[in-house]
Amino acid sequence: MSGTFPSTPAPASIDVTSFEPNLVSVTSNLRRQVRSRGAQRWLFKVRFPPLSRAEHDSIYAFSILQRGQFEKFTWVPKTIGTTRGVTSQNPVVSAAAAVGVNAVSVDGLSNSTSNILRSGDFIKFSGHTKVYMVTADMSSNGSGAATLNFSPKLTTAVADNETVTTNNVPFQVAFSNDSRSYTTDSSGYYSYEIDLVEVV
């Protein structure tokens, strides 16, 4: 199964990790050599508050249908998935960009508007499954255009007129292991947490 992870109940907490593997070696004279593998993915530990059986069973059943790590699905983190900037803006890529760049030109914005996107916001291009993070506050000029800086570098080319999702950003994820467990006791409430890994 795929689908979208249930939006309710909302998590009590989310741990976010950026994983960028490098090849590191240290010579006999302790000089360090590092080579980037040119990859990045987001990792999440999602903890839920104490759940009633009705709340728990719906998300646990969805989890079981994923068959461990086998399936991938969409997860929209409400807490961190929306810009801290101007939520009414809808950026559109104004010039195609190649794999390996970390900035694109966008337009379709309100003229001369400050902090439309803020550093730390998550974004997704419409033609991508990869999610990126904004690395500098973005403000528009008098023509409603701006430069969008982000990390990691583009893993797929971006086409002219691709839209940029800045609110309710959907991550394509899978479970990071094959076990799905929960805890319950005489209170009748359930404890549940999941570990997710971005897959593209």
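1. Leu 30 sits in the loop that joins strand S2 (22-26) to strand S3 (32-36); strands are DSSP runs of E with at least two residues, and helices are runs of H or I with at least four, both numbered from the N terminus. Leu 30 counts as exposed because its relative accessibility is 70% (exposed is over 50%, buried under 20%, partly exposed in between, with a 1.4 Å probe and protein chains only).

2. This is a predicted model, in which local features need pLDDT of at least 70 and side-chain atom pairs count only at pLDDT 80 or more, while totals for chains, interfaces and linings use all residues. Residues are numbered from 1 along each chain as its sequence is written, and side-chain values use heavy atoms, without hydrogens and water.

3. His 56 belongs to helix H1 (residues 53-65). With 0% relative accessibility, His 56 counts as buried. Beyond its neighbours within four places in sequence, His 56 is in contact (heavy atoms within 4.5 Å) with Leu 51, Tyr 182, Tyr 190 and Tyr 192.

4. The protein chain has 1 helix and 15 strands. Of its 200 residues, 34% are buried. Among contacts with a separation of 6 or more, 71% are between residues 24 or more positions apart.

5. Along its principal axes, the C-alpha trace of the protein chain spans about 60 × 55 × 25 Å. The accessible surface of the chain is about 10,500 Å², and carbon and sulfur atoms contribute 48% of that surface (Shrake-Rupley method, 1.4 Å probe; for residues, only the protein chains shown count as cover).
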